[in-house]
Amino acid sequence: MKELLTYIARSLVDNPEAVVVSEQVLDGETVLELQVAPEDMGKVIGRQGRIAKWIRVLMRSVGQRQGTRVSVEITD
């Protein structure tokens with residue numbers, strides 16, 4: 001899942017080498033933390049948070065197929 005999120009984020013931003021995804025497991029839930037360059041933050045979040053919402057929906061769906069709970073946090 002980490003690789004999928006990395007691929008999606010690198011496809012959206014202008015500075016793909018600045019994309020960092022870290023993975024933690026907390027209370028049975030996989031938390032993926034996405035970090036991008038500050039100037040690319042708007043491209044990952046999108047207008048009114050639409051892109052961020054769909055990234056979270058997609059990752060939650062993939063996690064559900066694998067039998068695990070997944071959440072995505074976008075940090076700066």
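## Two loops worth a look

Let's start in a loop: D27 sits between β1 (20-26) and β2. Keep in mind that this is a predicted model. D27 isn't a glycine, yet its phi is positive, at about 50°. For background, most residues other than glycine have a negative phi. D27 is also exposed, since its relative accessible area is 86% and anything over 50% counts as exposed.

Now hop over to the loop between α2 and α3, where you'll find Q48. Q48 is not a glycine either, and its phi is positive at about 55°. Is Q48 buried or exposed? With a relative accessibility of 74%, Q48 counts as exposed.

## The overall layout

Time to zoom out. The protein chain has three helices and three strands.

How does the chain's radius of gyration fit with a compact globule? A compact globule of 76 residues would come out near 11 Å, and the protein chain has 12 Å, so the two agree. If you boxed up the C-alpha atoms along the principal axes, the box would be roughly 35 × 20 × 20 Å.

Contacts tell you about the fold too. Take the contacts in the protein chain with a separation of 6 or more: 53% of them join residues 24 or more positions apart.

## What's inside

Of the 76 residues in the protein chain, 33% are buried. In general, nonpolar side chains in soluble globular proteins tend to be buried together. Here, the largest nonpolar core has 16 residues, and L5, V19, L32, L34, V36, I55 and M59 have the most contacts inside it. Two or more core residues come from each of α1 (2-12), β2 (29-35), α2 (41-45), α3 (50-65) and β3 (69-75). Which element gives the largest share? That's α1, with three residues.

Leaving aside residues up to four places away in sequence, V19 touches T6, A9, R10, V13, L34, Q35 and V36. Two of those names, L34 and V36, are also on the list of residues with the most contacts inside the core.

## What's outside

The accessible surface of the protein chain comes to about 5000 Å², and carbon and sulfur atoms account for 49% of that. As for charge, the protein chain has 10 positive and 11 negative side chains. The centres of these two sets lie 10 Å apart.

Notes: Residues are numbered from 1 along each chain as its sequence is written. This is a predicted model: local features need pLDDT of at least 70, side-chain atom pairs count only at pLDDT 80 or more; totals for chains, interfaces and linings use all residues. Side-chain values use heavy atoms; hydrogens and water are left out. Helices (H or I, at least four residues) and strands (E, at least two) are DSSP runs, numbered from the N terminus. The radius of gyration is taken over C-alpha atoms; the globule rule is 2.2 Å times the number of residues to the power 0.38. Buried means under 20% relative accessible area, exposed over 50%, partly exposed in between (1.4 Å probe, protein chains only). Contact means heavy atoms within 4.5 Å. Accessible areas come from the Shrake-Rupley method with a 1.4 Å probe; for residues, only the protein chains shown count as cover. Lys and Arg count as positive and Asp and Glu as negative; His and the chain ends are not counted. The place of a charge is taken as NZ of Lys, CZ of Arg, CG of Asp or CD of Glu. A nonpolar core is a set of buried Ala, Val, Leu, Ile, Met, Phe, Trp, Tyr and Cys residues joined through side-chain atoms within 4.5 Å.
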